[in-house]
Amino acid sequence: MRLTTKGRYAVTAILDLALHDADAPITLSEISERQGLSLSYLEQLFASLRKRGLVSSVRGPGGGYRLARPASQISVADVITAVDESVDVTRCGGLGNCQDGGRCLAHDLWMGLSEQIRRFLSGITLGDLLEKQTVQEVAAKQDARHSRHVCEQSRLVSMGLRGVGVRGG
(Lines give C-alpha, C1' and ligand atoms only; values in the text may rest on other atoms or scores of the structure.)
Protein backbone atom coordinates (compact mmCIF):
# COMPACT_ATOMS: atom_id res chain seq x y z
CA MET A 1 0.00 0.00 0.00
CA ARG A 2 1.17 3.47 -0.77
CA LEU A 3 -0.86 6.43 0.35
CA THR A 4 -0.20 9.04 -2.32
CA THR A 5 0.45 12.72 -1.80
CA LYS A 6 -3.23 13.39 -2.49
CA GLY A 7 -4.31 11.60 0.69
CA ARG A 8 -1.43 12.89 2.80
CA TYR A 9 -1.90 16.49 1.63
CA ALA A 10 -5.66 16.31 2.19
CA VAL A 11 -5.17 15.16 5.79
CA THR A 12 -2.49 17.81 6.40
CA ALA A 13 -4.59 20.60 4.88
CA ILE A 14 -7.82 19.76 6.70
CA LEU A 15 -5.89 19.37 9.96
CA ASP A 16 -4.43 22.86 9.42
CA LEU A 17 -7.98 24.10 8.81
CA ALA A 18 -9.18 22.42 12.02
CA LEU A 19 -6.33 24.04 13.98
CA HIS A 20 -7.17 27.55 12.74
CA ASP A 21 -10.94 27.37 12.22
CA ALA A 22 -11.98 28.99 15.52
CA ASP A 23 -12.71 32.60 14.59
CA ALA A 24 -13.08 33.09 10.86
CA PRO A 25 -12.96 31.14 7.60
CA ILE A 26 -9.45 30.15 6.54
CA THR A 27 -8.19 30.84 3.04
CA LEU A 28 -6.42 28.21 1.02
CA SER A 29 -3.53 30.63 0.54
CA GLU A 30 -3.01 30.65 4.33
CA ILE A 31 -2.95 26.85 4.40
CA SER A 32 -0.68 26.84 1.36
CA GLU A 33 1.82 29.17 3.03
CA ARG A 34 1.82 27.36 6.39
CA GLN A 35 2.06 23.86 4.92
CA GLY A 36 4.14 24.53 1.80
CA LEU A 37 1.47 23.04 -0.48
CA SER A 38 0.53 24.21 -3.94
CA LEU A 39 -2.50 26.51 -3.93
CA SER A 40 -3.90 24.99 -7.13
CA TYR A 41 -3.56 21.48 -5.67
CA LEU A 42 -5.34 22.60 -2.49
CA GLU A 43 -8.17 24.00 -4.61
CA GLN A 44 -8.66 20.56 -6.19
CA LEU A 45 -8.53 18.79 -2.82
CA PHE A 46 -10.94 21.20 -1.15
CA ALA A 47 -13.43 20.85 -4.01
CA SER A 48 -13.55 17.12 -3.20
CA LEU A 49 -13.69 17.73 0.56
CA ARG A 50 -16.57 20.17 0.04
CA LYS A 51 -18.50 17.75 -2.20
CA ARG A 52 -18.21 15.11 0.52
CA GLY A 53 -19.50 17.51 3.18
CA LEU A 54 -16.31 17.73 5.22
CA VAL A 55 -15.72 21.46 4.65
CA SER A 56 -17.92 24.38 3.71
CA SER A 57 -16.92 27.47 1.79
CA VAL A 58 -17.67 31.09 2.58
CA ARG A 59 -17.60 33.44 -0.39
CA GLY A 60 -16.67 37.10 -0.57
CA PRO A 61 -14.33 39.30 1.45
CA GLY A 62 -13.22 37.46 4.56
CA GLY A 63 -14.24 34.21 2.92
CA GLY A 64 -12.49 30.89 2.96
CA TYR A 65 -13.20 27.44 4.33
CA ARG A 66 -14.49 26.03 7.59
CA LEU A 67 -15.04 22.51 8.82
CA ALA A 68 -18.59 21.46 7.96
CA ARG A 69 -18.92 19.53 11.22
CA PRO A 70 -16.96 19.28 14.46
CA ALA A 71 -13.40 17.93 14.20
CA SER A 72 -14.40 15.10 16.54
CA GLN A 73 -16.84 13.87 13.87
CA ILE A 74 -14.39 13.76 10.94
CA SER A 75 -12.19 10.69 10.75
CA VAL A 76 -8.93 10.46 8.87
CA ALA A 77 -10.57 7.73 6.77
CA ASP A 78 -13.33 10.20 5.83
CA VAL A 79 -10.72 12.64 4.51
CA ILE A 80 -8.76 10.03 2.58
CA THR A 81 -11.93 8.59 1.04
CA ALA A 82 -13.20 12.07 0.12
CA VAL A 83 -10.22 12.61 -2.19
CA ASP A 84 -10.67 9.18 -3.80
CA GLU A 85 -7.72 7.55 -2.11
CA SER A 86 -7.67 3.90 -1.18
CA VAL A 87 -5.98 2.08 1.65
CA ASP A 88 -6.29 -1.27 -0.10
CA VAL A 89 -2.96 -3.14 -0.01
CA THR A 90 -3.97 -5.94 -2.38
CA ARG A 91 -2.67 -6.08 -5.94
CA CYS A 92 -6.16 -6.82 -7.21
CA GLY A 93 -8.07 -4.02 -5.50
CA GLY A 94 -9.87 -6.64 -3.40
CA LEU A 95 -11.39 -8.38 -6.40
CA GLY A 96 -9.61 -11.68 -5.82
CA ASN A 97 -8.15 -11.91 -9.32
CA CYS A 98 -4.57 -11.28 -8.21
CA GLN A 99 -2.96 -14.30 -9.88
CA ASP A 100 -4.03 -15.80 -13.18
CA GLY A 101 -7.59 -14.56 -12.67
CA GLY A 102 -7.90 -16.09 -9.19
CA ARG A 103 -6.77 -15.39 -5.67
CA CYS A 104 -3.10 -15.35 -4.81
CA LEU A 105 -1.82 -17.30 -1.81
CA ALA A 106 -1.65 -14.21 0.41
CA HIS A 107 -4.93 -12.58 -0.70
CA ASP A 108 -6.69 -13.02 2.64
CA LEU A 109 -3.66 -11.66 4.49
CA TRP A 110 -3.64 -8.48 2.38
CA MET A 111 -7.42 -8.11 2.64
CA GLY A 112 -7.14 -8.40 6.42
CA LEU A 113 -4.38 -5.81 6.53
CA SER A 114 -6.44 -3.45 4.37
CA GLU A 115 -9.35 -3.82 6.78
CA GLN A 116 -7.11 -3.16 9.79
CA ILE A 117 -5.79 0.02 8.16
CA ARG A 118 -9.35 1.18 7.35
CA ARG A 119 -10.44 0.48 10.92
CA PHE A 120 -7.38 2.28 12.33
CA LEU A 121 -7.93 5.40 10.19
CA SER A 122 -11.67 5.35 10.89
CA GLY A 123 -10.92 5.36 14.61
CA ILE A 124 -8.83 8.54 14.52
CA THR A 125 -10.62 11.86 14.22
CA LEU A 126 -9.28 15.31 13.52
CA GLY A 127 -10.29 16.09 17.10
CA ASP A 128 -8.00 13.31 18.33
CA LEU A 129 -5.11 14.73 16.31
CA LEU A 130 -5.78 18.27 17.57
CA GLU A 131 -5.29 17.04 21.13
CA LYS A 132 -1.83 15.60 20.45
CA GLN A 133 0.98 17.62 22.01
CA THR A 134 3.26 17.06 19.01
CA VAL A 135 0.61 18.42 16.62
CA GLN A 136 0.23 21.50 18.84
CA GLU A 137 4.02 22.03 18.92
CA VAL A 138 4.44 21.73 15.16
CA ALA A 139 1.45 24.03 14.58
CA ALA A 140 2.93 26.66 16.94
CA LYS A 141 6.22 26.60 15.01
CA GLN A 142 4.40 26.88 11.68
CA ASP A 143 2.26 29.75 12.98
CA ALA A 144 5.33 31.62 14.22
CA ARG A 145 7.07 31.15 10.87
CA HIS A 146 3.92 32.25 9.02
CA SER A 147 3.56 35.35 11.24
CA ARG A 148 7.17 36.34 10.57
CA HIS A 149 6.59 35.92 6.84
CA VAL A 150 3.41 38.04 6.93
CA CYS A 151 5.19 40.77 8.96
CA GLU A 152 8.09 40.80 6.51
CA GLN A 153 5.71 41.05 3.56
CA SER A 154 3.86 43.93 5.24
CA ARG A 155 7.13 45.69 5.95
CA LEU A 156 8.24 45.37 2.32
CA VAL A 157 4.90 46.65 1.06
CA SER A 158 4.97 49.64 3.39
CA MET A 159 8.56 50.42 2.36
CA GLY A 160 7.50 50.30 -1.26
CA LEU A 161 4.56 52.57 -0.64
CA ARG A 162 6.70 55.09 1.26
CA GLY A 163 9.26 55.02 -1.53
CA VAL A 164 6.56 55.78 -4.11
CA GLY A 165 5.21 58.62 -1.97
CA VAL A 166 8.66 60.21 -1.54
CA ARG A 167 9.42 60.06 -5.26
CA GLY A 168 6.02 61.41 -6.20
CA GLY A 169 5.99 64.24 -3.69
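Ala, Val, Leu, Ile, Met, Phe, Trp, Tyr, Cys and Pro count here as nonpolar, Asp, Glu, Lys and Arg as charged, and the others, Gly among them, as polar. The structure is a predicted model, in which local features need pLDDT of at least 70 and side-chain atom pairs count only at pLDDT 80 or more, while totals for chains, interfaces and linings use all residues. Residues are numbered from 1 along each chain as its sequence is written, and side-chain values use heavy atoms, with hydrogens and water left out.

**Overall layout**

The protein has 7 helices and 2 strands, taken as DSSP runs numbered from the N terminus (helices: H or I, at least four residues; strands: E, at least two). Along the sequence they follow the pattern α-α-α-β-β-α-α-α-α. Of the 169 residues, 36% count as buried, where buried means under 20% relative accessible area, exposed over 50% and partly exposed in between (1.4 Å probe, protein chains only).

**Largest pocket**

A pocket is an open set of points on a 1 Å grid over the protein atoms alone where a 1.4 Å probe fits, with protein on both sides within 12 Å along at least five of seven lines; lining residues have an atom within 4 Å of a point. The largest pocket holds about 170 Å³ of space, a volume being the space filled by probe spheres set on grid points that are joined across faces, edges and corners. Its lining consists of Phe46, Ala47, Arg50, Ser57, Val58, Arg59, Gly60, Gly63, Gly64 and Tyr65. Helix 3 (39-51), strand 1 (55-58) and strand 2 (64-67) each give two or more residues to this lining, and helix 3 supplies the largest share, 3 residues. By class, the lining has 4 nonpolar, 4 polar and 2 charged residues.

**Two residues compared**

Not counting residues up to four places away in sequence, aspartate 21 touches Ile26, Tyr65, Arg66 and Leu67, contact meaning heavy atoms within 4.5 Å. Tyr65 also belongs to the lining of the largest pocket. Lysine 141 lies 107 residues from arginine 34 in sequence, but the two are 9.7 Å apart in space, C-alpha to C-alpha.
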